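Okay, thanks everyone, let me get the picture up on the screen.

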Amino acid sequence: MSRLRHIFTAAVAAATIGAGALVSTPAEARLTITLGTPVIEPMPFALPTFVDEGGAGGLAAEISAVVAGDLIGTGLFEQIPQNAYIQQVSSFDAAVSYPDWQAINAQALITGAVQAGGGQVAVKFCLHDVFANGTLGECMQFAGDQGSWRRVAHKVADAVYSRITGEGGYFDSRVVFVAESGPKNQRQKRLAVMDYDGANVNYLTDSSSIVLAPRFSPTGDRILFTSYSSGFPQIYLMDVNSLQIRSLGEQPGTMTFAPRFSPDGRKVVFSLERGGNSDIYLLDIGSGGLTQLTNAPSIETAPSFSPDGSEIVFESDRSGGQQIYIMSASGGEPRRISGGAGRYGTPVWSPRGDYIAFTKQNQGRFHIGVMLTDGTEEKLLTSSYLDEGPTWAPNGRVIMFTRQPPGEGSPQLWTVDTSGRVLRPVQTETAASDPAWSPLLP
Amino acid sequence: MAYMTKALLIVAALGLAACKNPDRYGAGGAGGAGGVGAGGVNGTGLGSASDPTSVAYFQQTLGDRVFFLVDQSTLSDEARGILTRQAQWLQQNADYAIIIEGHADEQGTREYNLALGARRASAVQNFLISQGVSANRMRTVSYGKERPIEVCAQEACFAKNRRAVTVLSMGAGA
């Protein structure tokens, strides 16, 4: 598991670099994508394979492909094929001939260079606003261990995305999920983590017990999950670096499940079932202090904190079917926010604070949707036989979820953006379910 | 012969009890319908279904499971009949510890189905207590939608998966 530790702790250093004559500030930045607007035409960009400045070999092309793949995967960008390029970029420091890129209608041009050696990799890049005849922001260099070259590439793509959209990126992030194998009535489940794009999978547990619904801590160093390792569903806390697992106060005769961290990482909100009835509780990890937040004969589960920690959104069937409610983080009378036809479950508060993502069941179909925190502006983003369990990208613009086909089919992870236009499967080496996105890595 | 059967039964049951994870017990969880396959124990160890003191009799003749309507944990008249017979048998065969597994069909979210399975298991437990089965012989566990017994996308399968199964192991009075 040293590889895992490596991935989580590898520092990727960033620096701006002087690019001499390349740096010029455009009079008016034209390279802008405003997220949240109804229709966005993909922005055409050119990305010549990054130049090998020593020792990089095939890595230069692989890094270039990861950067381009990140951008294309958002649905906000489209890549102009390299065989259309007029200017051939063979040196990072060579002057850019903007008319050559304007002629093929490249709005953005990303040039870069890769140096590798001594176990290190360094990537330089410039983002050019082609029709402004200059760079957008300063050219930069990211460097890290060679083993984490994908992270370095994701950092470059995050910087490009962030400059053009004006919002935080999400490519340099991890996803913890449940890797599945075997027939459906004897499914084997293991906890695993991967890069957001499905690369670099590491398994955190074996398949000796059913494991469910892992969740990252706000700093990504710990994972909460539910396991049947005692024979009964209980919540556990795993340290990501040491892989040590500890039980969170098992009480015989009860079931605990659906845990999530508070935004400060010190508390866990979860469901505790006793005598057939599930309510929401808050556990202080340090002191072990337990507070009951709901007290109703109905099912209360799937709690999720607001990013400021003041409120908790959860689902309850107190009205007869599953609906979404918000209460104070200290409990008290909740207010119902969902009101449409069908059933609403698994609410998750966006890291931006604006939306609640949820699973909706209506007329035999499942949907992933979003609504504002007052329940208005409900928007269904997906529809299938069984979609469930949304998790937010660190920038609150993309949602990952589980899609399960009917019958013997295996579940797979998918992403959808909050516009609902960009729906894509995540490539994983096994069947997969219950994703939870990490924060953006440092 | 009767002696042999009993001995096999006890050996098999001890083997089952040694598994701390109830999903290894098999009957309602990972095993096939009505069978006990998942734990690597076949039906012969459970005695003959014609022997009224055998686990096989409990599973196959009395019926070890009851079914529920969508989202419901209410016991039907049929379920009450089955559980009444289970309760009588359990009082006559007091050496078994009892785990009641609650299950849901896949037409629900994972968390809700865990809670729903717990409701169903608890409904069965409460009924068995009301019929005189000692509460301290029983535990409940919910599998939510993790262990379907029938795999298809039709109501015929869903209906069989919305169940509570009374799973026996040697131990309570032994």
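**Where the chains meet**

So, start with the contact between the two chains: chain A puts in 34 residues and chain B puts in 28. Keep in mind as we go that this is a predicted model.

Which strands of chain A supply at least two residues each to the side that touches chain B? That would be β12, β16 (254-261), β17 (267-274), β20 (300-305), β24 (343-349) and β28 (387-392). The top contributor to that side is β16(A), with 3 residues. And if you sort the chain A side by residue type, you get 14 nonpolar, 15 polar and 5 charged.

**Chain A, by domain**

How many strands are in it, and in what order? There are 4, running β11-β10-β9-β32, and the sheet is open with antiparallel pairing. The edges are β11 (202-203) and β32 (431-437) of chain A; each has a single partner strand, so one side of each has no neighbour in the sheet. Further in, β9 (residues 174-181) and β10 (residues 188-195) of chain A are antiparallel and joined by 8 bridges. If you want one pair to zoom in on, V175(A) has M194(A) in β10(A) as its bridge partner.

Next, a couple of backbone angles. Most residues other than glycine have a negative phi.

Where do they sit? A213(A) is in strand β12 (residues 211-216) of chain A, while Q363(A) is in the loop between β25 (355-362) and β26 (365-372) of chain A. And are they buried or exposed? A213(A) counts as buried because it has 26 C-beta neighbours inside 10 Å. Q363(A), on the other hand, has 6 other C-beta atoms within 10 Å, so that residue is exposed.

**Over to chain B**

On to chain B, and strand β3 (residues 138-144). 6 of its 7 residues are buried, so β3(B) is largely enclosed by the rest of the structure. To get there from β2(B), the chain crosses through helix α4 (residues 110-130) of chain B, and this β-α-β crossover is right-handed. The two strands, β2 (residues 96-103) of chain B and β3(B), run parallel and are joined by 6 bridges. Across that pairing, I100(B) stands opposite T140(B).

Last stop, the largest nonpolar core. In soluble globular proteins, nonpolar side chains tend to be buried together. This core has 155 residues, and the ones touching the most other members are I63(A), V67(A), V114(A), V123(A), V156(A) and I356(A). What gives the largest share? Helix α4(B), with 10 residues. The core also takes at least three residues from each of domain 1 (2-165) and domain 2 (174-437) of chain A.

Let me finish on V67(A). Leaving aside neighbours within four places in sequence, V67(A) is in contact with L47(A), I110(A), A153(A), V156(A) and A157(A). That's my tour, so over to you for questions.

Definitions and conventions:
Residues are numbered from 1 along each chain as its sequence is written. Chains are lettered from A and ligands numbered from 1 in the order in which they are written. This is a predicted model: local features need pLDDT of at least 70, side-chain atom pairs count only at pLDDT 80 or more; totals for chains, interfaces and linings use all residues. A residue is buried if 20 or more other C-beta atoms lie within 10 Å of its own, exposed if 12 or fewer, and partly exposed in between; C-beta atoms are placed from the backbone. Two strands pair if DSSP finds at least two bridges between them. A crossover is right-handed if, with the strands pointing away from the viewer, the path from the first strand over the helix to the second runs clockwise. Two residues are in contact if their C-beta atoms, placed from the backbone, lie within 7 Å. Ala, Val, Leu, Ile, Met, Phe, Trp, Tyr, Cys and Pro count as nonpolar, Asp, Glu, Lys and Arg as charged, and the others, Gly among them, as polar. A nonpolar core is a set of buried Ala, Val, Leu, Ile, Met, Phe, Trp, Tyr and Cys residues joined through C-beta atoms within 7 Å. Domain bounds come from an automatic or database domain assignment.
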